[in-house]
Amino acid sequence: MEDNKLNIVYIDEEHDQLADFQADAELSGLFEEIYLLEPKSNLDEMVTEILELKVDAVISDFALNEAKVINYNGDQLLNAIQDIRHNFPCFLRTSYEDDAVSNSFDVNRVYVKEESMELHSESNLFKRVAAQISAYHRRFEAIKLEHINLRHKLAKEGLNSQETDRLIELDDLIESLLSAETKTPTEVKKLALSKFDALMNSTDKLINDIEANLKGNSSDA
């Protein structure tokens, strides 16, 4: 991850703020693509446009309705994204710290614009964004590796009940990280795995019967 440039998107209704953000983000040297978007009037359309960009993180201004009529704020936009992509790296920039903190679902993602400029900590925001993206990818890779290992064990020798539950849990986590909208119900997965286990047990019994029969024929000969 450290050698790869990252792609981010910033949403703000003010053109000068978009331009300032782009200049600062480019100066950080951490990002390959920096997408700039103005908020759409429809929240669902805004979320769709952001997700189609395939970015690594989303940063939004908190007050998106100062220049135009928008019926959602930046925090609601980030919540809508994380409803689909659980734990996806999202950050909120604002000039209204009290409002943002008191209304935010996650206060840890709130960054104050003026304070950042005064303390020269804007670069800290970008470093935090990059670090959060790296942590998100490391977690995804760890989950994926454990999922692959359990799937291989399932195919070769089957799983005990604890391992089966863990495989389903990991599968749920992967789907939630990629898109909770298309997530397969957990009960459906349990049913599918139980049938797979039944098939594996049936196959094992068949193999044992064949081997026993072959041994019996060999003894008769």
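Asn87 is found in the loop between α3 and β4, where helices are DSSP runs of H or I with at least four residues and strands are DSSP runs of E with at least two, both numbered from the N terminus. I begin with this residue for its backbone. Asn87 has a positive phi of about 65° although it is not a glycine. In general, most residues other than glycine have a negative phi. At 47% relative accessibility, Asn87 counts as partly exposed; buried means under 20% relative accessible area, exposed over 50%, and partly exposed in between, with a 1.4 Å probe and protein chains only.

Before I continue, a word on the source. This is a predicted model, in which local features need pLDDT of at least 70 and side-chain atom pairs count only at pLDDT 80 or more, while totals for chains, interfaces and linings use all residues. Residues are numbered from 1 along each chain as its sequence is written, and side-chain values use heavy atoms, with hydrogens and water left out.

Lys54 also has a positive phi, of about 60°, and is not a glycine. Lys54 lies in the loop between α2 and β3 and counts as exposed, at 66% relative accessibility.

Let me turn to the chain as a whole. The protein chain has 8 helices and 5 strands, and from the N terminus on its elements run β-α-β-α-β-α-β-α-β-α-α-α-α. Of its 221 residues, 39% are buried. Contact here means heavy atoms within 4.5 Å. Among contacts between residues at least 6 apart in sequence, 66% join residues at least 24 apart.

What of the interior? The largest nonpolar core has 31 residues, and Val9, Ile11, Met46, Ile50, Val58, Leu77 and Ile81 touch the most other members. A nonpolar core is a set of buried Ala, Val, Leu, Ile, Met, Phe, Trp, Tyr and Cys residues joined through side-chain atoms within 4.5 Å. The elements β1 (6-11), α2, α3 (74-84), β4 (90-94), α6 and α7 (161-178) each supply at least two residues of this core. Apart from it lies another core of 17 residues, including Leu6, Leu18, Tyr111 and Phe126.

Ile59 lies in strand β3 (residues 57-61) and is buried, with a relative accessible area of 0%. Beyond four places in sequence, Ile59 touches Ile8, Val9, Tyr10, Ile11, Phe21, Phe91, Arg93 and Val129. Ile59 and Arg93 are 34 residues apart in sequence, yet 7.1 Å apart in space, C-alpha to C-alpha. Gln17, in helix α1 (residues 15-28), is buried as well, with a relative accessible area of 18%. Its contacts beyond four places in sequence are Tyr10, Asp12, Arg93 and Lys113.

Finally, the second largest pocket. On a 1 Å grid over the protein atoms alone, a pocket is an open set of points where a 1.4 Å probe fits, with protein on both sides within 12 Å along at least five of seven lines, and lining residues have an atom within 4 Å of a point. About 250 Å³ of space lies in this pocket, a volume being the space filled by probe spheres set on the points, which are joined across faces, edges and corners. Among the lining residues are Ile50, Lys54, Val58, Arg85 and Phe88. Which helix gives the most to the lining? That is α6, with 3 residues.
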